[in-house]
Amino acid sequence: MNQDSAPRQLFSPQRRRLAMARGERLARQTGAFLAEHMADEIVERLSWVTRDFGEALVLGMAPPSLMAAMDARGIRVTRAGPIGTNVQCDEDLLPFEPASFDLVIALGTLDSVNDLPGALIQINRALRPDGLMMAAMIGAGSLPRLKAAMLAADEAGGRGVAARIHPQIDVRAAGDLLQRARFAMPVADSDTLIVRYSSLPALIADLRAHGWTNTLAASGPAIGKHGLVAAMQRFAEDADSDGKTPERFEMLYLSGWAPSPDQPKPARRGSATASLAGLLDKARKGDAGE
């Protein structure tokens, strides 16, 4: 395959690995509370499922609360991802045999893989029949203050608007992707988290601690001194009366079951917007024979 016919990558694997490695180092020093928020939500949702899980695959980030919950349930965990894991790989290039796990949890990184539909298909393939996938990532509507600040920076630089913020997936598109990947009882929902920052650098520091900085393959040039000043001023314009600027994070959550003949059958249409608690409860009752 020549260079012109090779598929173009939206994200740079090299930049992605570097961002994650830096994030892991910073998280050990300062924590990664946004990932911890996602992990706590995943752990709570998992607590609604009373069935046993023997083998779990954790993709991406693995905050202590998530690993502690796995250990408390006696689940054997394999970690996989671009850096710092048992198995190093990209999430859309999983090296596992089909039907290897009862549970797959993907936290904080699926929104920056080059082939998200393919990653979900591979996760489904890696699950045993009636296995569960749960994922969390940043979704559409996140970081509006940062987007405005980066636009101001590019305008100040006078070199045109560059790609600096990752594309974001909304709930409807996420539900469609789950159905396309052939998950049974797919669910996509979200919650909103507002975090108030004293300055733009404080927000950037949090994003760096999560490995959530720009890893686009075709990113723009550095914004420069004038651009940075413009970005900080624009960010400060949205501050509340106490000088802190509220930034929005839309936490997107996905779940789905690997198909199995004996699992409850959801309605033909609309299952992707049904209550997660209701669907998990149906699955629990099915396991219990109720």
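Predicted model: local features only at pLDDT ≥ 70, side-chain atom pairs only at ≥ 80, totals over all residues.
Visitor: Which residues does D240 touch, not counting residues up to four places away in sequence?
Guide: D240 and S198 are 42 residues apart along the chain, and their C-alpha atoms are separated by 10.0 Å. When residues up to four places away in sequence are not counted, the residues that D240 touches are R196 and P246.

Visitor: Which strands stand at the edges of the sheet?
Guide: Seven strands form an open sheet with mixed pairing, in the order β3-β2-β1-β4-β5-β7-β6. An edge strand has a single partner, so one side of it is left without a neighbour in the sheet, and this applies to β3 (87–88) and β6 (184–197).

Visitor: What is the bridge partner of V104 in β5?
Guide: Strand β4 (residues 101–107) and strand β5 (residues 127–138) run parallel and are joined by six bridges. In β5, the partner of V104 is M133.

Visitor: Which strands does helix α6 touch as it packs on the sheet?
Guide: Helix α6 (residues 171–180) packs on the sheet, and its direction makes about 150° with that of β6. The strands in contact with α6 are β5, β6 and β7 (245–257).

Visitor: How are α2 and α3 oriented, roughly parallel or roughly antiparallel?
Guide: The axes of helix α2 (residues 33–47) and helix α3 (residues 64–72) come within 8 Å and cross at roughly 25°. Angles under 35 degrees count as roughly parallel, which makes α2 and α3 roughly parallel.

Visitor: How do the residues of the contact of α2 with α3 divide into nonpolar, polar and charged?
Guide: From α2 the contact draws on E36, A39, D40, I42, V43 and L46, and from α3 on S65, L66, A69 and M70. By class, these residues divide into seven nonpolar, one polar and two charged.

Visitor: Which element gives the most residues to the largest nonpolar core?
Guide: The largest nonpolar core has 43 residues, of which L103, L203 and F249 touch the most other members. The residues that F249 touches include L34, I138 and L203. With six residues, the element that gives the most to this core is α2.

Conventions: Residues numbered from 1 in each chain as written. Heavy atoms only, no water. Axes fitted to C-alpha atoms, helices over the stretch in contact; angles between N-to-C directions. Helix = DSSP H or I, 4+ residues; strand = E, 2+ residues; numbered from the N terminus. Parallel < 35°, antiparallel > 145°, perpendicular 65-115°, else oblique. Contact = heavy atoms within 4.5 Å. Nonpolar A, V, L, I, M, F, W, Y, C, P; charged D, E, K, R; others polar. Pairing = 2+ DSSP bridges. Core = buried A, V, L, I, M, F, W, Y, C linked by side-chain atoms within 4.5 Å. Buried < 20%, exposed > 50% of the residue type's maximum accessible area, 1.4 Å probe, protein only.
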